[in-house]
Each structure stands twice: as structure tokens, then as C-alpha cells.
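This report looks at a few places in one protein model. Please have the sequence and the 3D view at hand while reading.

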Amino acid sequence: MTTCTPRAAWGNLLRRLHFYIGLFIGPFIFIAAFTGTLYVATPQIEHYLYRDALHGETTGEPQPLAEQIAVAEKALSAPLPVQAIRPGLAQGETTRVMFADPTLGPSESRAIFIDPVSLAVRGDYTVYGTSGILPLRQKIDYLHRSLMLGDVGRLYSELAASWMWIAALGGIALWFYSRPKRRIQNRFQSRRRLHVTLGWVLLAGMLLFSATGLTWSQWAGANVDKLRAEMNWLTPQVNATLNGPAPAMDAHAEHHSHHAGMMMTDSEKDLTRFDAVLQAARRAGIDADKLEIRPAKRASQAWTVTEIDRQWPTQVDAVAVDPLSMQVVDRVRFDDFPLMAKLTRWGVDFHMGILFGLANQLVLIGFGVALCVLIVWGYRLWWMRRPARSSANPVQTLCQCWLDLPLSGRVMSLVVSGLLAVAMPVLGASLLVFVLIDWQRWRLRSALPVENVAK
């Protein structure tokens with residue numbers, strides 16, 4: 001059994017934990033960083049590939065929304081209910097008529113793109129989520145989120161988000177514990193300095209992306225939602241219920257806009273109401289060029305008109321309009337959001353590369369590339385300093401490092417680990433796997449004769 005000072009014990013524990021995170025979690029963080037970089041780097045490519053659908057060729061006075069929707073309905077091979085309309089209000093933009101298609105996945109809809117002036121059908125694609133991304137970026141998004149494996153695959157991204165902030169803070173703490181008092185000039189220290197420098201430069205980004213990534217996750221995300229509800233940090237939602245109680249705030253409103261439920265048929269809607277509802281929303285102060293009109297799912301509900309411009313300054317105001325009287329029955333203004341709801345909105349939009357446009361994209365591309373280099377460089381450092389095959393020092397195990405801590409340190413580490421495991425179950429499960437693997441190594445190394453243990 002080894003003995004060392006408390007400071008050395010904590011340093012050994014941090015070093016071993018940082019090593020395990022890099023060895024086992026590093027590949028998942030690398031994949032998340034690489035696919036996330038692809039996602040934020042491709043809006044211009046998507047815009048080019050689908051330029052015919054996104055832009056009309058004629059200029060002039062746009063036709064009523066009712067006529068545009070009627071043309072879109074005729075383009076369908078089978079009738080589908082209208083889910084939402086995104087009018088082409090800016091010059092040269094097409095209108096998206098979005099239909100609820102039962103063959104598509106969650107948050108997906110079938111969009112028919114209509115030239116608002118000539119009424120020509122410009123495209124027919126599946127679109128996804130509030131951002132309305134098209135097939136190219138949908139595939140990248142699914143790859144980034146779940147490796148295209150569905151809910152099971154989402155565990156990979158939650159694993160990466162759960163550990164990345166610990167890897168970042170642990171690396172900084174390890175640097176404080178192990179930095180030499182005098183500058184040492186050798187090949188390893190020069191390469192180590194690059195790893196440390198990148199860690200410092202990327203620290204804030206890793207913390208931000210861990211936090212925002214966890215809000216999307218399955219297990220930790222549910223706990224984040226509970227915390228936000230307790231602290232009144234949820235995103236306010238417009239009340240679309242006519243003569244009824246207001247709905248609860250939506251914990252995931254900053255992530256999606258497509259909801260399950262029965263849709264009213266088009267005969268119940270009367271297509272001319274789309275134009276009237278848009279005019280009512282305009283009179284109520286909905287002035288963004290990017291907005292979405294969503295008809296009621298039931299006769300007892302109001303229609304909603306929501307601004308969807310997520311760039312700075314953020315425009316996400318919403319109103320609920322009675323489709324019979326055309327009176328605004330409720331409204332939500334972004335200026336009135338709680339501070340934490342605003343920070344969540346901005347954090348998620350920055351994460352997606354939307355908030356500051358091209359500048360946001362360039363920053364995230366640089367961050368993603370640098371993070372991939374940081375991970376690869378960490379593996380190179382390990383390879384340069386990997387122990388000889390005959391080495392069997394028990395201090396090279398997490399268990400021995402933990403046993404070397406003072407009693408107060410062991411108790412504190414157990415309490416902190418337990419709290420983190422409850423808050424982030426995927427982190428807790430993976431930590432248990434680390435401990436079980438390490439325990440087996442510790443048993444084998446502790447059982448070796450003393451003369452075979454590397455000093």
C-alpha cells in the first residue's frame with residue numbers, strides 16, 4: 001500500500017480520473033465535436049443545395065395565404081392536415097406549407113415550398129424542428145444527437161455532455177497540482193503545454209456546451225427540467241386555450257415547436273383564416289419577417305402566431321388569436337421572459353450556431369476543430385508516456401488513489417459522486433463501470449509480489 005501527502009493523493013486521483021475520461025469518453029466527445037462542427041458549418045451548403053425551394057423567381061405582390069395553401073394541398077398525392085405555415089414575407093422568399101405526415105418522425109413535417117407571387121411549387125421536402133432544417137442537416141443533426149440510432153444512440157451524446165465539463169475542470173485542477181515550479185525544456189513538456197493551452201482556451205466553451213447539451217439529454221435533461229420548474233426558469237408559453245386555464249410553461253420550448261395531438265381538418269379551419277390571423281398578429285406587434293402560423297388542433301383552442309427569428313436581437317414573441325373574432329386572447333413577449341429563460345434561449349441558439357449568424361458559426365467551427373485537436377493531442381501525450389508493460393504500480397489505479405486520500409476526502413468524494421450520479425444518471429452508470437474495471441486492475445496489481453511492482 002502506498003503512502004503520500006494529501007496534496008499528492010488528490011493529484012494522483014485527478015490524474016487517474018482525467019486519464020480514464022480521456023481514454024474512454026474522449027472518443028464520444030470527439031464524435032460530438034466533429035459532427036457538431038459539421039452541423040454549424042453547413043447552413044450555406046444547405047442554402048445552396050435547396051436554393052430553388054427556398055427562393056422564388058418572380059417579384060411582385062404576394063398572393064393570399066389561402067391561395068398558396070390551396071396550391072400546396074393540390075401538390076400532395078394524398079390529403080394531409082396543415083400543421084403550420086411559414087409565410088414568405090421577405091422579398092424573394094418562398095412560403096412553407098407544413099403538413100403533419102404520420103409516416104415521419106417526431107418534430108418532422110412535410111413542407112411544400114410555394115412561390116408567394118407566382119404560386120409555383122418550388123419544392124417538397126421533410127423539414128425538422130423550429131429551425132426548419134432540410135434533409136442534409138437533418139442527417140447531420142441525427143448523427144450528432146444519436147449516431148442515427150434513435151433513443152438508444154442518444155446515450156452517447158449525453159455521455160459526452162455529462163463528462164466534458166468534468167474533464168475540462170479536472171484538467172485545469174490537475175495543471176495547478178502538477179505544474180513544475182521551473183520551466184522544463186524537453187519534447188514532452190513542449191507538447192504538454194499545447195494540450196494545457198488548448199484546455200484553457202476552450203474551457204468556457206466546454207462548460208457551455210456541456211450545460212446546453214445536457215438540457216437536450218434524456219436522463220439528465222429530465223432533472224434539469226425539474227430544477228427549472230422549481231426555480232421558475234421555464235420558458236413562458238402563450239395560452240391557446242379559449243375560456244380556459246393557462247397552460248403550464250414548457251420545459252423544452254427552446255428545443256422544439258411540434259406537438260402531438262389531434263389536428264383539425266382543413267374544412268374546419270377555413271383557409272382564409274390564415275390571412276386574417278396573420279393580420280391580427282401584425283396589429284398586435286408581431287413584426288418579424290420570420291414567423292410561423294399554427295392553426296388550432298381543436299375548436300376550443302386559439303391559433304398561434306410565433307416569431308422564429310433566433311438571431312440577435314432575438315425575436316420570439318407569440319400571440320394567440322381567436323379564429324372567430326380575430327381578437328388576440330394572449331401574448332408572450334421575449335422581453336418579459338425570466339432571466340434564466342432568456343439565458344437558456346441564447347445558450348441553445350449559440351450552441352446551434354444561430355445567435356450571431358456567420359460570426360457564431362466561425363467561432364463554433366474553430367472551437368470544434370480545436371477540441372478535436374485537444375483530444376487527439378491528449379492521446380499522443382499518453383502514448384509518449386505510456387507505462388512499460390511490466391509496470392504494475394498500484395498507484396496507477398483509481399482505487400489506490402482514492403484509498404490514499406484522507407478520510408474526509410474519501411467521504412467528500414463519495415458524497416459528490418453520489419449527488420452527480422443522481423443528477424446525471426448516465427455519468428453515474430459510466431463512473432460505476434470505471435470503478436469496476438479499475439477495481440479488477442487494483443486487485444491484480446495489489447496481489448503481485450513486491451519485487452514485481454514498479455517503484
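## Two crossing helices

At roughly what angle do the axes of helix H6 and helix H15 cross? The model is predicted. In it, the axes of H6 (residues 154–178) and H15 (residues 425–446) cross at roughly 80° and come within 9 Å. Angles of 65 to 115 degrees count as roughly perpendicular, and H6 and H15 are therefore roughly perpendicular to each other.

Residues from both helices meet at this crossing. On the H6 side they are Leu155, Glu158, Leu159, Ser162, Trp163 and Ile166. On the H15 side they are Val426, Leu427, Ser430, Leu431 and Phe434.

## A buried arginine

Arg96 belongs to strand E2, which covers residues 95–99. Arg96 is buried but forms no salt bridge. The nearest side chain of opposite charge is that of Glu46, 6.4 Å away.

A polar atom of the Arg96 side chain lies 2.8 Å from the backbone oxygen of Gly132. Leaving aside residues up to four places away in sequence, Arg96 touches Gly132 and also Leu54, Ala84, Ile85, Arg86, Ile112, Phe113 and Val127.

## A threonine in a loop

Thr58 sits in the loop between helix H3 (51–54) and helix H4 (65–74). Its relative accessibility is 31%, so Thr58 counts as partly exposed.

The side chains of Thr58 and Asp115 are joined by a polar contact of 3.2 Å. Beyond four places away in sequence, Thr58 touches Asp115 along with Gln91, Val117 and Ser118. Thr58 and Leu119 are 61 residues apart along the chain, and their C-alpha atoms are separated by 9.8 Å.

How values were computed: Residues numbered from 1 in each chain as written. Predicted model: local features only at pLDDT ≥ 70, side-chain atom pairs only at ≥ 80, totals over all residues. Heavy atoms only, no water. Helix = DSSP H or I, 4+ residues; strand = E, 2+ residues; numbered from the N terminus. Buried < 20%, exposed > 50% of the residue type's maximum accessible area, 1.4 Å probe, protein only. Lys, Arg positive; Asp, Glu negative; His and termini not counted. Salt bridge = Lys/Arg side-chain N within 4 Å of Asp/Glu carboxyl O. Polar contact = N/O pair within 3.5 Å; in protein donor to acceptor, adjacent residues only side chain to side chain. Contact = heavy atoms within 4.5 Å. Axes fitted to C-alpha atoms, helices over the stretch in contact; angles between N-to-C directions. Parallel < 35°, antiparallel > 145°, perpendicular 65-115°, else oblique.
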